[in-house]
Amino acid sequence: MKGSRTKKVIRIVLPVVVVLALISGYTWFYNLTRAPLPQHDGELRAAGLNDTVEILRDEWGIPHIYASNMHDLFFAQGYTQAQDRWWQMEFFRHVGSGTIEELVGKNSDLLAADIFLRSLGWRHVAEQEVANYDHEALAHAQAFTDGVNAYIMGRDPGELALEYSILGLTGIDIQIEPWTLVDSLTFAKVMAWELGFRGSKEELRSTLYELLGQEMTDQWLTTPWPFGEKPTIIQPEDLPITASTLTSQVNNTTVPPEVDTLPIENICLDTHLTSGDSSGLGSNNWVVSGSMTASGMPLLANDPHLGIQMPSIWYQIGLHCQPANGESPQDIAGFTFAASPGIIIGHNNFIAWGVTNVGPDVFDLYRIRVNPDNPLQYEWNGEWRDMTLYEETIHFGDGEEPITIQVRETHLGPIINDNQINEETGGIPGFNNEDPVALRWTALDPGTITQAIVKLNKATNWEEFRGALQYWDVPSQNFVYADVEGNIGYQTPGRIPIRAENHSGLLPVPGWTDEFEWQGFIPYDDLPRVLNPERGYIVTANQALVPLEYYDQLAQELGEGRNYVISHEWNYGYRGQRIVELLKEKAPHTIASFQAIQGDNKLISAEELMPYLASLQFADTELAEARDWLLEWDCQCNADSPQAALYAEFWAKLVDNLYSDQLGEEVQPDGDSREMWATFLLMEEPDNAWWDDITTENVVETRDDILVRSFREGYANTIAALGENRNDWRWSELHTATFVSNPLGLSGIGLIENIVNRGPFATSGSTETINANRWTVSSGDFTVSSLPSMRMIVDVGDFTQSVTVHTTGESGHPYSQHYDDMIDLWCNMEYYPMLWTREQVESATVNRLILNPGD
């Protein structure tokens, strides 16, 4: 009987225990995932505030901050961004500081990244930058920093971000360190890298010149830009910038014969620091005057294209200061980065602005001669000069033994190929005295970008706008402008080097004399700009900045015998061409017409190649019919387009068949705008050596051979992926976007990745459509690698009518409702109001948080 009663008790108790365990486990998981969610309603006290601040949020979680003084406004901005995006801020500062492994533990794949980032010395430069800022910029930046710390300090890591708790389960111990002003400045270097140096081709060009020769290399890598066929940003009628007479053209792309072009390999880090693939990035912005709008006032649009990531790179916010002392109020709305104070893109009460990447050549690689008797000296003009030496210790979050390296720096810049990891042994050999290379890059000089942002945010007219951008040094951006007086304009800012006449900037050069040393920078007042062009519009889409005549102007202004070329490597103008077409076609413009342009999916490159496909002769009837069916396509890469799927498969095979055999395994073509234009030019040279497949013996292929092969293979691949019935094909079944969070979203553990990542989502658009959901041939599929990271349309005549959307959501917390609530809007080309007036914000308010001064 006793045993029977025991079994009965067990049968009763065991389910209870299991239920309690499940409840306990659920409770633990619930607390783990919800503990980081911040308070958005009620009242809180924050030490460091001078007065009460209100933070109002709409249904999307977008905050509008109302303060009575500028200190409190920026303090609350730091507090708010830390509430919503602290892990993103934490990750960004570790990237910029070269301390990624403090977050994730020792990792062979990341060790090279940390070593390389320490070699660049971004944090050292940021520390020097503090001295460059005026009182106002320092005060705002410090207030932002104090606001961040008011939120993060005193909280356990698990109360700040889920990532700490998950990483803690693996033995990673992360201590919360105070945010510093230098952390924000260091992040600016990260963005400069993503938007600048990663696009440099000097190392690759040096290698290919040795492998293929200059002619073939330049046909692929430095394809002549289509001046006169596709629109530049500054157009011929916008010149001269000053009163100079323009008479000739400059196109200095010849490599001086005396420059050593031996290949340099494996110097530069190929790591995507903040997101997915950021190579080949582009963006769109444009502005039209009232002569082209239904309202008679300007409209401005912007959609920056950045690597896909989770959460969005952007943080949307409204900043409103109503001073109690009677000073003029300040209102700003738009987008910033989580780690940055102020507004990067947006508008205030008087002006609106948007940006795209200029992509100037602001970096050079210099070969260094090291003293054989002293590795801390290098040759300069026949004498030995001392290097600066830094010691850098790399710590690991999992407690592994730290590693200390030494970084050498010349006056030209740091040596970036010391301390390269031996692939066979895993050892770090230290100094490289055989072929050391130093990097000269404008971002490695102390800059003033925060000062530019502060002044930009309060500018009230064109003159103040231009005055602010004098301080915008790197990364150089294409700024479009509109104001409430009806003016539109454009300005290039940035430090853009002047080189010696025989220095193209295309290849590594000797660094032991001053022959190739930079000779200053193009003066700000000589950089491209235009105000109120007669045509009534300005379009930038990363295309060539100026007509070639501009360089003659600079030579007349600044002196002959120097190289003033801003860059040789531009986007090849497909998006810019299409935007101009639609601006002319759809005028007079409204918010709706601008939305239609931002969502346009026409692929002009496909339109260029169609005549060559039409002329092909196919022995296979099925292929001929498929080709004829493709020729009926309108070249729109819409989500439901079957032809877009076939064309993408064909294009992927064409790029591979045309270029990969000559380039070899180490160089992978992406199929971006450069290859689109290079391929179009090669179509007119059917016997060019690029068309020959060097892997086939005793056969010399021509253009049509490769086109037929590529179409046949592309058609077969489409059937394999989407089935036999081509009427059922959908481009969006191949072309999807998955938003990945760093670092957990790349952990390889499905359970964790499903918590922090979102997707895949069906998408429209393609590489080099205006709706630029970019994919790369080298990836092996059609997954989106970079995208319009937000879309904004500003109505300067009535700011309350402005609309916007960004990719994921305001929050960086995976269990927040605002982590992913914008994705469907973004995928479907939908927008929400860009709230502006207090009345508009109040009517949309869902959450109200009051911050009061106090401990």
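A: Terms to begin with. Helices (H or I, at least four residues) and strands (E, at least two) are DSSP runs, numbered from the N terminus. This is a predicted model: local features need pLDDT of at least 70, side-chain atom pairs count only at pLDDT 80 or more, and totals for chains, interfaces and linings use all residues. Residue numbers start from 1 along each chain as its sequence is written, and side-chain values use heavy atoms, with hydrogens and water left out.

Q: Which helices each supply at least two residues of the lining of the second largest pocket?

A: Helix H2 (70-97), H4 and helix H5 (122-129) do. H2 gives the largest share, 4 residues.

Q: What counts as a pocket or a cavity here?

A: Both come from a 1 Å grid over the protein atoms alone. A cavity is a set of points where a 1.4 Å probe fits but cannot get out. A pocket is an open set with protein on both sides within 12 Å along at least five of seven lines. Lining residues have an atom within 4 Å of a point.

Q: How much space lies in the second largest pocket?

A: About 450 Å³. Volume is the space filled by probe spheres set on the points, with grid points joined across faces, edges and corners. The pocket has 22 lining residues, and the closest to its centre are His 94, Ser 97, Thr 99, Glu 102 and Arg 118.

Q: How does that lining divide by class?

A: 4 nonpolar, 10 polar and 8 charged. Ala, Val, Leu, Ile, Met, Phe, Trp, Tyr, Cys and Pro count as nonpolar, Asp, Glu, Lys and Arg as charged, and the others, Gly among them, as polar.

Q: Now cavities. How many are there of 30 Å³ or more?

A: 11, from a search of the whole structure. The largest cavity holds about 330 Å³. Of its 26 lining residues, Met 191, Phe 337, Ile 344, Ile 449 and Trp 472 are the closest to the centre.

Q: Which elements give two or more residues to that lining?

A: Helix H9 (181-195), strand E5 (299-307), strand E9 (351-357) and helix H12 (449-457). H9 has the largest share, 7 residues. The lining of the largest cavity has 19 nonpolar residues, 7 polar and no charged.

Q: And the second largest cavity?

A: About 80 Å³. Its lining has 13 residues, with Leu 603, Tyr 647, Ala 648, Ser 766 and Trp 775 the closest to its centre. Helix H19 (residues 642-663) supplies the largest share, 4 residues. By class, that lining is 10 nonpolar, 3 polar and no charged.

Q: Switching to sheets. What is the strand order in the one with E14?

A: E14-E15-E16, an open sheet with antiparallel pairing. Two strands pair if DSSP finds at least two bridges between them. Strand E14 (388-394) and strand E16 (413-414) are the edges, each pairing on one side only. Strand E15 (residues 403-410) joins E16 over 2 bridges, and Glu 409 stands opposite Pro 414 in E16.

Q: Which helix packs on that sheet?

A: Helix H4 (residues 108-120), touching E14, E15 and E16. Contact means heavy atoms within 4.5 Å. The direction of H4 makes about 150° with that of E14. Axes are lines fitted to C-alpha atoms, for helices over the stretch in contact, and angles run from 0 to 180 degrees between N-to-C directions.
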